[in-house]
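The tour goes stop by stop.

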Amino acid sequence: MSRGLLDSNTRYAAFRAITFGMTDNRFALRSIFDAAVARAHPERALPSHLPPPPRGRIIVLAAGKGAAAMAAAAEMHYLDKLGMPPSRLSGLATTRHGYGLPTRQIRVIEAGHPVPDEAGLRAADETLRLAEAATSDDLVLVLLSGGGSANWVAPAVGVSFQQKQQLNKALLRSGAPIGEINTVRKHLSRIKGGRLARASMPAQLVTLAISDVPRDEPTAIASGPTVADPTTLADARAIVARYRLTLEDAVAQALNDDANETCKPGDPAFAEARFDIIARPRDALEAAMAAARAAGYDVVDLGGDLEGEARDVAAAHAAYAREAHGHGRRIACLSGGELTVTVTGSGRGGPNQEYALALARDLADLRGIAALAADTDGADGGAGAPSDPAGAIIDERTFETMRRQGLDAAAALADNDATGFFEATGDLLVTGPTRTNVNDLRVILVDPP
């Protein structure tokens, strides 16, 4: 997404308001969301961080929802701006299904997310082979974005791909924060937890990352394939116990095998390695807040690194919005971070949709309320298709539809069926692939009558 697209969205919102005589806050919400995504797009964020060409080759190894866009931006920089011979640039970018882009020298593979698939398995093996073939004259340029953990799946010795798939599904349903999920993943992998850095020796290693994790922790972005990992096998076992996950024997044995310990600080693989974050959730949140101010709202920053159960966070935010509404304040409440859902029902959804559903439950009696909750990558839950919803939008139209159709938000919450609920109201937000990922964005507009 480019600045031009953002500007066109803003102009379209104004056109709709003038033409139809309305001030539909949905257009303001979407413009705020688009501003956040534009700030974190690789086309804008990557070029200034790219290192100079080495004596030898540049081998690009990319993973995540922004991988193809990052690879394309790198090609434009090295081939077009610097005029580097194409023969010196190669590599592989692994991204989510539907998130690919045409490239010239860097091959793109689309793979499963959030549940890994065979394509990701093959891509991780090829990534490791490319890294191992690098020489001391080469630069291994690793480009990471959220989703890389699922895209690069290289099970530890003795663990089958199917066994790792099943554990990944159980972790996603457990309600565990992404950091804990990645701790387990790292200790069952041949590429995560610093192992890609070790495979790249003796080449120069530079990692450029788009952060999708709270506090921008490098070890958590794509499970830290090129950085030292402070977590241990004991930590991974404790997480499994905390969420009462049932492990197959091979997985349990792997988590007790010292050979599967991750790379620690002081490992020679990190001696000359460089790691930079090129876009952060906070960057996107600040861009969103600037767009909200431009729309005439007083901005309330509810936090950029929020974690916790989506419905619980929504209840707290709804209470804040209700109080502001009662005092006649015209505000935009914004927050970032990554919420979770402990799945107990049989419905469909994701944390952003569940957050929006909880707001609908708690604020349906108020006029002048509108909200958006969406993942900046364009996918919130779903089945891994490009058409999956990014989240949901609610406003007075939602509340009216709830009353007219007799929809019960509390019952939908109990069944974890936010997708079904918002399909019925027509309020799913479908953006398509954004090809970046700086976590979730939540916006509540309070505009009392």
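## Stop 1: charged side chains

Select R26, D395, R397 and D427: salt bridges link them in a network. This is a predicted model. Across the structure there are 29 salt bridges. Side chains of opposite charge can pair when their charged atoms come close.

Next, go to helix α2, residues 25-39. Pick R30 and D34, which sit 4 residues apart there, about one turn of the helix. Their side chains form a salt bridge, 2.9 Å from N to O. R30 is partly exposed, at 27%.

## Stop 2: bridges between distant parts of the chain

Select R280 and D216. They form a salt bridge, with the closest N and O atoms 3.6 Å apart. The pair links distant parts of the chain, 64 residues apart. R280 is in the loop between β6 (274-279) and α12 (281-294). D216 is in the loop between β5 (204-210) and α10 (233-242). D216 has a relative accessible area of 18%, so this residue counts as buried. R280 counts as partly exposed at 32%.

Now select D447 and R330. Here the closest N and O atoms of the salt bridge are 2.9 Å apart. This pair also links distant parts of the chain, 117 residues apart. Look for D447 in the segment after β12, and for R330 in the loop between α13 (310-326) and β8 (331-335). D447 is partly exposed at 21% relative accessibility. R330 is partly exposed too, at 33%.

## Stop 3: helix α17

Select residues 418-425. This is α17, a mostly covered helix, with 6 of its 8 residues buried. Colour the buried ones: A418, T419, G420, F421, F422 and T425. What covers them? The cover includes α14 (351-363), β10 (391-394), α15 (396-405), α16 (409-414) and β11. Step past the helix to G426, where phi is positive, near 80 degrees.

## Stop 4: T436

Move on to the loop between β11 (428-429) and β12 (440-446), and select T436. Is T436 buried or exposed? Its relative accessibility is 0%, so T436 counts as buried.

Show what T436 touches, leaving out residues up to four places away in sequence: V37, A40, H41, P42, K65, G66, I210, T376 and D377. Zoom in on A40. Its backbone oxygen lies 2.7 Å from a polar atom of the T436 side chain.

Notes: Residues are numbered from 1 along each chain as its sequence is written. This is a predicted model: local features need pLDDT of at least 70, side-chain atom pairs count only at pLDDT 80 or more; totals for chains, interfaces and linings use all residues. Side-chain values use heavy atoms; hydrogens and water are left out. Helices (H or I, at least four residues) and strands (E, at least two) are DSSP runs, numbered from the N terminus. Buried means under 20% relative accessible area, exposed over 50%, partly exposed in between (1.4 Å probe, protein chains only). A polar contact is a pair of N or O atoms within 3.5 Å; within protein, one must be able to donate a hydrogen and the other to accept it, and residues adjacent in sequence count only if both atoms are side-chain atoms. Contact means heavy atoms within 4.5 Å. A salt bridge is a side-chain nitrogen of Lys or Arg within 4 Å of a carboxyl oxygen of Asp or Glu.
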